[in-house]
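Me: I have a model open and want to go through its ligand sites. Can you take my questions one at a time?
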Amino acid sequence: MTKPSLSPAEQALRDAALEYHRSPTRGKIAVTPTKPLANQRDLSLAYSPGVAYACLAIEEDPSLAADYTSRANLVGVVTNGTAVLGLGNIGPLAGKPVMEGKGCLFKKFAGVDVFDIELAEHDPDKLVEIIAAMEPTLGGINLEDIKAPECFYIEKKLRERLSIPVFHDDQHGTAIISSAALLNGLELVGKKIGEVKLAVSGAGAAAIACLDLMVSLGVKTENIFVCDSKGLIQSERADALAGKLDASKQRFCQKTAGRTLADAAKDADVFLGCSTAGVLTGEMVATMARDPIILALANPEPEIRPEIAKAARPDCIIATGRSDYPNQVNNVLCFPYIFRGALDCGATKITEAMKVACVHEIAALAKAETSDEVAAAYAGKDLRFGPDYLIPTPFDARLILRIAPAVARAAAESGVATRPIADLDAYRVSLSQYVYQTGMFMRPVFVAAKAAPARVVYAEGEDERVLRAVQEVIYEGLAKPILIGRPAVIAMRIERAGLRMKAGVDFELVNPEDDPRFRECWEAYHRLQARDGVSPDAAKAAVRRSNTLIASLLVKLGYADAMLCGLVGRFDAHFDHISAVIGARAGVSTMATMNALIMDQQTLFITDTFVNELPSAEELASIALMAAEEVQRFGLPPKVAFLSHSMFGSSNRPSAKRMRAARDLFVARAPQIECDGEMQGDAALSESVRDVRLPDSTLHGAANVLVMPNLDAANILFNVLKVSSGHNVTVGPILLGAAAPAHILTPQASMRRVVNMTALASADVAAARATA
Ligand SMILES: NC(=O)C1=CN([C@@H]2O[C@H](COP(=O)(O)OP(=O)(O)OC[C@H]3O[C@@H](n4cnc5c(N)ncnc54)[C@H](OP(=O)(O)O)[C@@H]3O)[C@@H](O)[C@H]2O)C=CC1
Ligand SMILES: CC(=O)C(=O)O
Ligand SMILES: [Mg+2]
């Protein structure tokens, strides 16, 4: 391949890409053990002699390999490097970065483990033998970048021989996504699938599979005109006359006077390109029918750049395989999730029904409201169903939630699921672990909230994150939302975000500039603050100025059950209003905050992250008690550790004594809750570390509530862990001890955090009612 000269932007991309691949570790993927291997005992379980029991169990019942090995979650991404992207036959070694990349995407988007397997073999029969011999290793096979027509034969033979899913992604993944884009595009331009004319460039793996699927969805074969590297495939071409056309091309061979792509493009409604860079020209696009749909999918450089197509025909809708233009038609929208669904139900094949289920889920998702994660990942782009948003974006977290269950259901209906999923709703919930990570953790809270949705008022009702969250809160039935904000602004932002909810129907709207309860609110605030020097005029002004104050007063006056604020401004300012109006609940001397951090291996609750600078032993004990109660809301047994630089009396500094005293007070007040202290951080998380100093510790296993000696320590620990753990999935800050649920979020809070905190507030109301 001749090396094209690179523009400065392309050079910068090349440098960044090479650096990305080289450092800090070489390549993009590694193998990580999932079991501890820390001592002799572990060794004897993991390897000889213990491992023999797993072997014998599988020998007796091979299906147990799904339980005793990682096979059921392991896919082989297999190539021989003959059609790598649009780079062509660059060989298996040069193709390895693509295969490692697929591995990353499988893992990142769907939790599927991958071995990338690059084979130096061209002979189709030998390839079949080699790949088939790997069946014991793998739970599924994703064939990748193997050129046509050999790929059709290889896939067919493997499907016949193997009892695990075999899926040539360039064929079927591409076919699924481009069919979804086609269906949605036709809907937008108001054309019928049975009537449209297709001009196609490419008759390889991707193009042929796209056409086969499109035909099964209603496109008429006689309306399809396909070009390969030799021009239009037609009956008078030498290879056609000599009977040398491969069966895949023969299916689309036309009797026509046309000879070139330009001929095919004339009056075509749709262009499909799965070939190579730049073959479709602006002149050809100009001759297409009204509102042409152009799917130019060659990677990394499409058959035509969108700006050229748009210049020729402003009415066109164009999609490419690239992430730097709208409408990225890329098989990443499908392959992680179709395998997730197939693996989870033990599918022996991927059937047509499973593929069609994917097409419909993907097409439907583009028409659902956009989620916050998507909006954030594509900030500033209008992601509403339309010419520039034909299909969902790869970062749409809902892809897995929709596609995998649809695939599992279709597998069961096709009779290929060896472990059919009985409860698809529960399965859908379990899938959220791959996306939100908080999904499973928040589950009990969501269940409690849904059972008795409370009236939750949002101080920052105009914030787009709040609006998106509220749309989901309504959809999930987690609360009855009350938004504070100017009606015109809220209406405009709802429209802009492409949401469907309506004021007065789905949520209550409180206009801070004109609410009939204004007088009642400022009078109440004046009554509460009269002894703190607040005059009636000052009370009026304060209520006008602060939506957090209005939210607090609505809760206080019984117009709402709970409140959320804090997406803008300083924590302390919000806290002062909540303290003044809602205050601490009876028997609580000081309110406090706790943050939850959800990591791969454990969930930690850290307190007090925002309120008390240097709590006394008494205060620490009461904070710990409130924290432990709240942790139970998540269905977790609290295990409390009082942290210090000191280890069970090893230091007599005041801070060590304070934590020791706090632990004693806590034990006296809540003897039923596991706790210990004062101890260092490692001892809190590791029983073996703790055992060395105190074998009869009253704490077992890892602590999950870390009570820190002061605000700095708590806040610093939380933020350091948040970043260093590589996951910033957090819930909180959770305000403990208020007379009614009131939470102060931080300006960094995502829409998902707002949803979670809404559910928590609602669940807190339900819990308070149950104990009242
Ligand atoms: N966006 C996406 O998600 C995906 C994009 N693709 C892209 O599709 C393209 C094809 O991939 P794949 O099908 O796997 O590869 P194949 O090698 O199987 O097929 C390539 C096809 O392109 C044809 N071709 C080559 N040059 C021309 C030309 N100048 N004019 C017309 N046709 C031409 C070949 O013709 P001939 O038969 O005569 O050799 C062949 O039919 C690649 O660019 C790839 O990156 C693929 C998968 C997914
Ligand atoms: C995306 C892909 O698989 C390809 O271009 O080959
Ligand atoms: Mg590919």
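Me: Which oxygen contact does Asn299 make with ligand 1?
Reply: In this predicted model, a backbone N or O atom of Asn299 sits 3.2 Å from an oxygen atom of ligand 1. A polar contact here is a pair of N or O atoms within 3.5 Å.

Me: And what does the backbone of Val329 reach?
Reply: A nitrogen atom of ligand 1, at 2.9 Å from a backbone N or O atom of Val329.

Me: How much of ligand 1 does the protein bury?
Reply: 81% of the 910 Å² that ligand 1 exposes when taken alone. Areas are Shrake-Rupley with a 1.4 Å probe.

Me: Why does ligand 1 lie between the domains?
Reply: Because domain 1 (62-164) and domain 2 (172-332) both contribute residues to its shell. The domain bounds come from an automatic or database assignment.

Me: Switching to the magnesium ion (ligand 3), what are its protein donors?
Reply: Glu144 (OE), Asp145 (OD) and Asp170 (OD), at 1.9 to 2.1 Å. Donors are N, O and S atoms within 2.8 Å of the metal (3.2 Å for Na, K and Ca); water is not among the atoms, so sites may look incomplete.

Me: Is Glu144 buried or exposed?
Reply: Buried, with a relative accessible area of 2%; Asp145 is also buried, at 2%. Buried means under 20%, exposed over 50%, partly exposed in between (1.4 Å probe, protein chains only).

Me: What about numbering and cut-offs?
Reply: Residues count from 1 along each chain as its sequence is written, with chains lettered from A and ligands numbered from 1 in written order. Local features need pLDDT of at least 70, side-chain atom pairs 80 or more, totals for chains, interfaces and linings use all residues, and side-chain values use heavy atoms, leaving out hydrogens and water.

How values were computed: Polar contact = N/O pair within 3.5 Å; in protein donor to acceptor, adjacent residues only side chain to side chain.
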